[in-house]
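Work through the exercises below with the model at hand. Each task is followed by a stepwise solution.

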Amino acid sequence: MKEALKEVEKRSKACFGFIAVAAPSHMNPGSRSTRGYEFGRTYVVRPKGKHQATIVWLHGLGDNGSSSSQLLESLPLPNIKWICPTAPSRPVSLLGGFPCTAWFDVGEISEDLHDDIEGLDASAAHIANLLSTEPTDVKVGIGGFSMGAAIALYSTTCYALGRYGNGHPYTINLRATVGLSGWLPGWRSLRSKIESSNEVARRAASMPIILAHGTSDDVVPYQFGEKSAQTLAMAGFRQVMFKPYEGLGHYTVPKEMNEVVHWLASRLGLEGSR
Ligand SMILES: *[C@@H]1O[C@H](CO)[C@@H](O)[C@H](O)[C@H]1NC(C)=O
């Protein structure tokens, strides 16, 4: 617990640094811009080879698209174009209302957390919009770390259900989802929603998802990550791969990224992959 608090403290400090330079002045704790959510800058990593797939990658709490793009640029996936948006700065309950880059509001991260559906929908729509102009012969997917993994999984459930939480239609044809050290928003009601129609169940059954989680994660509890994977599987997502990483905390390691690289190359049928 002490470790978790230290982590949050570290993050809120990182946040403060970021906010001090870049936060729009109307973003005060407790208030929300009437113009809606203002997303930060989007960074794009162009494919070094033939463009076969595009993946939107979502950063964790307090981070930004720039640091994601640096990590992804180093991966041996020349056929993927990476789009790395930056979340809006908003007051975050977990940080006592302190403003931070976050895809949605979140309090204590546990199975009992309350879902900020409005924030989730706004970010899922922003992500879908980023993918909406990709060429039709390019496969599209979503991935992320921590809170970024949560919004990636939320988007995936919207894809299967064919609609956002607010009922608006979801129109992107997702082909792969990657979630590292994250969780599944709306996990309690997913099963009944998926079972509501054959078409929804069919989309869920064929959606490839890879999830990885460190067993020593003290920010997003390992049990919650595992439960999220089980919930997806029980709701009818038949292609969920869940990878525990023994002793890993709330970060990624090269071995894990290698596994993601191989999984993406094979699931997306990328050229030059073995
Ligand atoms: C992005 O976040 C990193 C920390 O992950 C920080 O060092 C960097 O300054 C941030 N960049 C921008 C453009 O905010």
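**Exercise 1.** State what share of the chain counts as buried.

Solution. Take a residue as buried if 20 or more other C-beta atoms, placed from the backbone, lie within 10 Å of its own. By this criterion 46% of the 274 residues of the chain are buried. The model is predicted, so local features need pLDDT of at least 70 and side-chain atom pairs count only at pLDDT 80 or more, while totals for chains, interfaces and linings use all residues. Numbering starts from 1 along each chain as its sequence is written.

**Exercise 2.** Identify the residues that touch the most other members of the largest nonpolar core.

Solution. A nonpolar core is a set of buried Ala, Val, Leu, Ile, Met, Phe, Trp, Tyr and Cys residues joined through C-beta atoms within 7 Å. The largest one has 76 residues, and Val56, Trp82, Ala102, Ala124 and Ile151 touch the most other members. Helix α4 (residues 147-161) gives the largest share of this core, eleven residues; helices are DSSP runs of H or I with at least four residues, strands runs of E with at least two, numbered from the N terminus. Next, list the contacts of Val56 (C-beta atoms within 7 Å): leaving aside neighbours within four places in sequence, they are Ile83, Pro85, Ile127, Leu130, Leu131 and Ile142.

**Exercise 3.** Locate Ser146, a residue with positive phi that is not a glycine, and decide whether Ser146 is buried or exposed.

Solution. Phi of Ser146 is about 60 degrees. Ser146 sits in the loop between β6 (139-145) and α4. With 26 other C-beta atoms within 10 Å, Ser146 is buried.

Note on methods:
A residue is buried if 20 or more other C-beta atoms lie within 10 Å of its own, exposed if 12 or fewer, and partly exposed in between; C-beta atoms are placed from the backbone. Two residues are in contact if their C-beta atoms, placed from the backbone, lie within 7 Å.
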